[in-house]
Amino acid sequence: MSEWKSPICLKVILIGNAGVGKSSFMNRYVNYRFTSSYRATIGADFLSKEVNISERPVILQIWDTAGTERFQSLGTPLYRGSHCCMLVFDVTSKASFSALEVWREEFLIQGEPLDSSNFPFIVVGNKTDLSNREVSGSLQALHWCERIGAQYFEGSAKEDVDVDKAFLSAAQAALQQY
Ligand code: GTP
């Protein structure tokens, strides 16, 4: 029997350009669903999922933010209190990958983590099911992740490739911050 009584709440936030698949990634993980229609997130939204991390019951509170610029000012106060940040891009869009540097900087400024040099980021390259790839995972993405000390995952919300793996890693990293 687990020695932990009540679950702890860990906050994981997803940020990145509009349309990269943040909502889809979250929905695939929490609701086991995918839809091809696109509905832009307004402000932010969250879903919760109960998981066990190292036998410890955890409520993962996953925040999905708007990538659209006009909603970003609404999103930034939501960065505070995060235990892990997922930086999401679309492997078929070089622009969405290049934008992550700014998203990360913005997160560190607005989110005010206690120790910004050790705050855990997970970088996710989504839409690997598509063939018109513009970002090489092994070259560009991994290289940047090494530089910023982030873990890298790529997969597909559509085909359910490595979504669980990325969130498990986010949850583990978040637990270290608790
Ligand atoms: P904002 O809310 O505007 O920030 O967008 P978002 O990053 O949440 O993107 P969203 O999840 O709404 O997905 C945008 C579009 O990409 C939708 O039409 C999704 O169906 C599609 N999409 C998401 N993930 C994948 C994927 O893994 N593969 C493919 N082919 N399409 C995907």
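Q: How do strand 1 and strand 3 pair, and over how many bridges?
A: In this predicted model, strand 1 (residues 8–15) runs parallel to strand 3 (residues 56–65), and seven bridges join the two.

Q: What stands opposite leucine 14 there?
A: Aspartate 64 in strand 3 is opposite leucine 14.

Q: And strand 2, parallel or antiparallel to strand 3?
A: Antiparallel: strand 2 (residues 44–53) pairs with strand 3 over ten bridges. One of the facing pairs is valine 51 with valine 58, the latter in strand 3.

Q: How many residues sit between strand 2 and strand 3 in the hairpin?
A: Two residues lie between them. Serine 54, in that turn, has a positive phi of about 50°.

Q: What order do the strands of the sheet take?
A: The order is 2-3-1-4-5-6, in an open sheet of six strands with mixed pairing. The edges are strand 2 and strand 6 (151–154), each of which pairs on one side only. From one strand to the next, the twist averages 25°.

Q: How many bridges join strand 4 to strand 5?
A: Six, and the two strands run parallel; strand 5 covers residues 121–126. Methionine 86 has isoleucine 122 in strand 5 as its bridge partner.

Q: What else does methionine 86 touch?
A: Leaving out residues up to four places away in sequence, methionine 86 touches Val12, Ile13, Leu14, Ile122, Val124 and Ala170.

Q: Which residues have the most contacts inside the largest nonpolar core?
A: Met86, Ile122, Val123 and Ala170 do, in a core of 45 residues. Helix 6 gives the largest share of this core, seven residues.

Q: Where does alanine 174 lie?
A: Alanine 174 is in helix 6, which spans residues 163–177.

Q: Buried or exposed, and why?
A: Alanine 174 counts as buried because it has 26 C-beta neighbours inside 10 Å, and the cut-off for buried is 20 or more. Beyond its neighbours within four places in sequence, alanine 174 is in contact with Leu10, Val12, His83 and Cys84.

Q: How far is alanine 174 from aspartate 64?
A: Their C-alpha atoms are separated by 16 Å, and the two residues are 110 residues apart along the chain.

Q: Switching to helix 1. Which strands does helix 1 lie across?
A: Helix 1 lies across strand 1, strand 2, strand 3, strand 4 and strand 5, and runs at about 155° to strand 3.

Q: How many of its residues are buried?
A: Seven of the ten residues of helix 1 are buried, so the helix is mostly covered. The buried ones are Lys22, Ser23, Ser24, Phe25, Met26, Arg28 and Tyr29.

Q: What covers the buried residues of helix 1?
A: The cover includes strand 1, strand 2, strand 3, strand 4, strand 5 and helix 6.

Q: What follows helix 1?
A: Tyrosine 32 follows helix 1, in the loop between helix 1 and strand 2. The phi of tyrosine 32 is positive, near 55°, and this residue is not a glycine.

Q: What is phi at aspartate 160?
A: Phi of aspartate 160 is also positive, near 55°. Aspartate 160 lies in the loop between strand 6 and helix 6. With 15 C-beta neighbours inside 10 Å, aspartate 160 counts as partly exposed.

Q: Now the ligand. Which residues come nearest?
A: Gly21, Ser23, Ser24, Thr41 and Gly67 come nearest, out of 22 residues around the ligand.

Q: Which element gives the largest share of that shell?
A: Helix 1 (residues 22–31) does, with three residues.

Q: How do the shell residues divide by type?
A: Seven are nonpolar, eleven are polar and four are charged.

Q: Last one: what is aspartate 90 in contact with?
A: Setting aside neighbours within four places in sequence, aspartate 90 is in contact with Gly19, Val20, Gly21, Ser96, Asn126 and Lys127. Aspartate 90 lies in strand 4 (residues 84–90) and is buried, with 23 other C-beta atoms within 10 Å.

Conventions: Residues are numbered from 1 along each chain as its sequence is written. This is a predicted model: local features need pLDDT of at least 70, side-chain atom pairs count only at pLDDT 80 or more; totals for chains, interfaces and linings use all residues. A residue is near a molecule or strand if its C-beta atom, placed from the backbone, lies within 6 Å of it. Helices (H or I, at least four residues) and strands (E, at least two) are DSSP runs, numbered from the N terminus. Ala, Val, Leu, Ile, Met, Phe, Trp, Tyr, Cys and Pro count as nonpolar, Asp, Glu, Lys and Arg as charged, and the others, Gly among them, as polar. A residue is buried if 20 or more other C-beta atoms lie within 10 Å of its own, exposed if 12 or fewer, and partly exposed in between; C-beta atoms are placed from the backbone. Two residues are in contact if their C-beta atoms, placed from the backbone, lie within 7 Å. Two strands pair if DSSP finds at least two bridges between them. Axes are lines fitted to C-alpha atoms, for helices over the stretch in contact, and angles run from 0 to 180 degrees between N-to-C directions. A nonpolar core is a set of buried Ala, Val, Leu, Ile, Met, Phe, Trp, Tyr and Cys residues joined through C-beta atoms within 7 Å.
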